[in-house]
Amino acid sequence: MRVTEPGIEEVWRTLLEDKVLEDSEEELWTEGGEPDHTGWYCVATVPFPCPAAGCDFVAEFMTAAHLILVWQERDDPNLLRHAGRAKEVGRSQRVVEYETHFGPSASYYAWEAAGRPVHGVRGKA
């Protein structure tokens, strides 16, 4: 029997369990200010598209609302959990040191404190 990698639809279904995609326009969340996360750590992955309808953003890192999620410590349990989740869905993840030229970033914990906003997705009603 041949084992195949999951299709992108299956990957998104897995990642967005208990979520509903929204078609409405929205403002993307920002952490506020211009934090410098240089030297923090993030999870690089194979490119994957934003699930929001009509959005052409393609991420190459674990993101939330198009911001690269970063952690201060390379062995942070939440970073390792997210890297493990990326591995489970076949994203060829690797933990790398964040550099500003990767794109805008947000601390994982600031994102979590803000209610974990994700572009184009809301909780089930």
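Let's start with a pair of strands: β5, residues 67–70, and β7 are joined by three bridges, and the two run parallel. This is a predicted model, where local features need pLDDT of at least 70, side-chain atom pairs count only at pLDDT 80 or more, and totals for chains, interfaces and linings use all residues. Residues are numbered from 1 along each chain as its sequence is written, and side-chain values use heavy atoms, with hydrogens and water left out.

Two terms first. Strands (E, at least two residues) and helices (H or I, at least four) are DSSP runs, numbered from the N terminus. Two strands pair if DSSP finds at least two bridges between them.

Back to β5 and β7. I68 has S105 in β7 as its bridge partner. For L69, the partner in β7 is A106.

Now the other neighbour of β5. Two bridges join β4 to β5, and here the strands run antiparallel. A64 stands opposite L67 in β5. The two strands form a hairpin with two residues between them. In that turn, A65 has a positive phi of about 50°.

Keep S105 in mind, and look at H37. H37 sits in the loop between β1 (19–21) and β2 (41–49). Its side chain makes a polar contact with the side chain of S105, at 2.6 Å. A polar contact is a pair of N or O atoms within 3.5 Å; within protein, one must be able to donate a hydrogen and the other to accept it, and residues adjacent in sequence count only if both atoms are side-chain atoms.

Is H37 buried or exposed? It counts as buried, because its relative accessibility is 3%. The cut-offs: buried is under 20% relative accessible area, exposed is over 50%, and partly exposed is in between, with a 1.4 Å probe and protein chains only. H37 and E99 are 62 residues apart in sequence, but 7.6 Å apart in space, C-alpha to C-alpha.

Last, the whole chain. It has three helices and eight strands. From the N terminus on, the order is α-β-β-β-β-β-α-β-β-α-β. Of the 125 residues, 37% are buried.
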